[in-house]
Amino acid sequence: MSLALAFLAQTLRIAVPYLFAAAGGVLAERAGIISLTLEGFMLGGAFSAMLGSYWSGSPWIGALCGIAGGVALALLHAVSTIRFKADQVVSGIAINLLAVGLTRYFLKLVFDSSSNSLRVAGFSAGTSTGSLIGGLLHNPLIPFGLLIIPVVAWLLYRTPFGLRVRAVGEHPEAATTVGVSVKRVRYVAVALSGALAALGGAYLALDQHQFTDGMSAGRGFIALAAIIFGRWDPVRAGIACLFFAAAETLQIQLQGMQAIPSQFVQMIPYVLTIVALVGLVGRAMPPAALGRE
Amino acid sequence: MSDLDATAMREENPSTVSETMVIVRSRDVRNRVIEAVLPPLVALLVSIVVGDLLILAVGQSPGAVYRLMLEGTWGNAYGFGQVLYKTTTLICTGLAVSVGLRAGLFNIGAEGQLAAGGMAAALVGLALPVGTTAVIAVPLGVLGALAAGGAVGFVPGALRANWGAHEVITTIMLNFIVLAFLSWLVSAHLRVPETLHTPPIHAGALPRLSVLWNGFHGSAANGSILIELCAALILGWYLFRTRGGFELRAVGLQPDAAENAGINVGRTWIRALTLSGALAGLGGINFVLGYERYYEEGFATGAGFLGIAVALVGRSNPLGVVLAALFFATLSQGGLAINALVPKQMVDALQGVVILAMAASVPEVRRLLAQARGKR
């Protein structure tokens with residue numbers, strides 16, 4: 001029983017950054033902006049959260065700085081794709097490379113290291129063997145992460161803003177004719193995706209009490225995979241995040257036994273995404289205006 | 001001239017039928033040159049400005065830093081050799097991305113294809129008996145690299161053509177799948193204990209350029225750069241001088257029109273991405289046959305994304321790609337040269353800046369040109 005609880009707790013812990021990033025990514029993608037950028041937003045968020053915590057000594061201020069860093073990158077992406085009509089894929093890749101480069105540069109500048117920062121104040125991680133609830137509440141970003149999916153689902157399906165986001169992502173011309181500013185909605189959606197993905201990155205840095213180079217380690221792409229596998233629905237994307245996290249947990253727990261090589265477990269999200277795109281488990285249909293002006 | 005050529009020309013220059021054809025065409029040529037050359041210049045300018053800011057942030061003088069960068073790259077034989085080595089890989093991934101773009105497809109999977117090509121070249125080199133003559137071993141290694149990269153590229157092509165699965169997503173996902181598979185192959189079967197690489201190949205090694213000229217001594221530049229330059233030439237010929245290349249470009253410009261003209265769009269997609277993967281795979285010989293003579297995990301890291309930068313700045317033109325590869329290789333090697341004054345990580349950031357500025361200035365320049373044309 002306690003083994004099952006430990007498994008659940010670890011799964012939730014691993015899932016939190018995916019949930020934040022996927023929740024943000026769903027918003028941007030439903031507004032018609034491709035979310036290749038989640039990886040960069042997470043990395044930027046992790047770095048600025050660490051920096052904020054390092055300078056202020058407070059993980060809360062760190063988390064806020066993380067959000068600010070993510071929003072800054074997101075606005076850069078928004079200006080380039082919305083104002084300058086840059087190709088969303090190209091701009092997204094540039095943002096990711098920029099995040100890698102800038103975090104490396106300032107890591108070297110501030111901490112004179114090419115691998116990691118000093119230890120900073122963070123949300124101390126409870127031990128995974130403790131009580132489930134206690135362990136999870138220890139880090140306030142964990143309950144936030146679990147709540148963010150229902151919040152985004154509510155935002156998307158139950159508020160005027162959500163209606164506009166969906167309209168802009170499916171049929172921008174129609175949205176324009178009824179007086180919705182496509183640009184403004186997209187700016188807000190991309191900024192929100194930057195804030196949320198950055199919180200996922202902040203969680204990583206504040207959980208480990210430091211920033212390490214390349215700390216997002218492909219998690220942004222796993223979140224994108226979850227979005228596609230969840231067919232652009234926040235709840236289904238959230239379930240996909242939990243599923244991917246459970247597979248990862250299983251792999252960690254089985255590491256000693258070498259039942260399945262870890263590399264094959266790592267492939268799971270990516271293989272499933274392709275399977276979903278090919279339509280073997282219900283066709284994944286993207287928002288109609290995704291990637292278009 | 002086939003009907004197809006005529007259709008495409010009418011589409012590109014709707015006014016060629018009019019009497020003012022000559023005037024319009026010369027103006028068109030000028031605009032196209034501007035459209036091709038101006039965005040890279042803007043990108044260069046923006047990256048210099050950002051670079052200056054990053055340099056000033058550490059209290060150094062930009063002029064001194066750039067001078068050091070030039071001295072460490074083009075100013076001495078070793079540095080230039082390293083630039084050539086890095087150029088070699090980037091030519092391949094740049095050409096790979098370019099072929100995709102010409103067909104209207106985005107190959108983000110060049111990194112996985114490059115790694116697969118390197119692994120195949122290493123496997124060929126390991127399978128051949130010791131002492132196999134290079135005349136046989138090198139072509140076999142090259143073919144292995146082409147085939148493995150092509151196979152990885154074929155998959156997203158087929159997924160797009162048959163199921164409409166978007167290649168941006170499938171190539172990203174395949175990157176992770178291929179790299180994880182190769183990592184398993186190395187760790188479970190091939191590695192030298194305590195390392196992340198395979199044993200050295202038995203045959204098929206390419207000579208270093210230092211054999212030709214001692215000045216390159218110590219640098220990784222090797223004979224594969226000649227093979228990659230040939231690949232660029234052949235690709236240019238294929239794209240602009242053959243029917244297959246014409247079809248590929250027609251599909252990239254107007255898939256619907258190409259379909260109407262009788263081109264099989266799906267098959268062209270598959271051909272383009274297979275060719276793209278093969279070119280990326282070919283890049284694997286630079287490290288495996290030319291430099292270390294074994295496959296090592298992570299040798300391809302970052303080369304795929306940089307290939308996108310190279311293709312964009314090189315405007316998907318083989319000659320442009322070679323020049324852009326030289327530029328990005330200089331930047332990357334230059335980072336090492338300036339490390340004493342400015343963290344070398346600065347160039348990582350600048351690569352992102354160049355791509356972002358390219359992405360934003362291409363449509364902007366096009367829009368301004370169209371506006372200017374409208375006013376006239």
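Predicted model: local features only at pLDDT ≥ 70, side-chain atom pairs only at ≥ 80, totals over all residues.
User: Which residues of chain A are in contact with Ile108(B), leaving aside neighbours within four places in sequence?
Analyst: Ile108(B) belongs to the largest nonpolar core. Its contacts in chain B include Val168(B), Ile172(B), Phe305(B) and Ile308(B). From chain A, the contacts are Leu36(A), Val89(A) and Ile93(A).

User: Is Ser91(A) buried or exposed, and what is its relative accessible area?
Analyst: Ser91(A) lies in helix α4 of chain A, residues 88-111. Among the residues it touches are His77(A) and Thr81(A), as well as Leu356(B) and Ala359(B). Buried means under 20% relative accessible area, so Ser91(A) counts as buried, at 0%.

User: Which side chain forms a polar contact with that of Ser91(A)?
Analyst: Ser91(A) touches several residues of chain A, including His77(A), Ser80(A) and Ala86(A). A polar contact of 2.7 Å joins its side chain to that of Ser80(A).

User: What is the area of the nonpolar surface patch that includes Leu38(B)?
Analyst: Leu38(B) is found in helix α2 of chain B, residues 21-57, and is partly exposed at 35% relative accessibility. The patch also includes Val29(B), Leu41(B) and Ile48(B). Its area is about 660 Å².

User: Which residue of chain A forms a salt bridge with Asp348(B)?
Analyst: Asp348(B) lies in helix α15 of chain B, and the pair crosses between chains to helix α4 of chain A. The closest N and O atoms are 3.0 Å apart. The partner is partly exposed, at 29% relative accessibility; this residue is Arg104(A).

User: How many residues apart in sequence are the parts that Arg271(B) and Glu247(B) tie together?
Analyst: The side chains of Arg271(B) and Glu247(B) meet in a salt bridge of 3.3 Å, N to O. Arg271(B) lies in helix α11 and Glu247(B) in helix α9, both of chain B, so the pair ties together parts that are apart in sequence by 24 residues.

Methods. Residues numbered from 1 in each chain as written. Chains lettered and ligands numbered in written order. Heavy atoms only, no water. Core = buried A, V, L, I, M, F, W, Y, C linked by side-chain atoms within 4.5 Å. Buried < 20%, exposed > 50% of the residue type's maximum accessible area, 1.4 Å probe, protein only. Contact = heavy atoms within 4.5 Å. Helix = DSSP H or I, 4+ residues; strand = E, 2+ residues; numbered from the N terminus. Polar contact = N/O pair within 3.5 Å; in protein donor to acceptor, adjacent residues only side chain to side chain. Patch = residues over 30% accessible without salt bridge, like charges linked within 9 Å, V, L, I, M, F, W, Y side chains within 5 Å. Areas by Shrake-Rupley, 256 points an atom, 1.4 Å probe, with all protein chains shown as cover. Salt bridge = Lys/Arg side-chain N within 4 Å of Asp/Glu carboxyl O.
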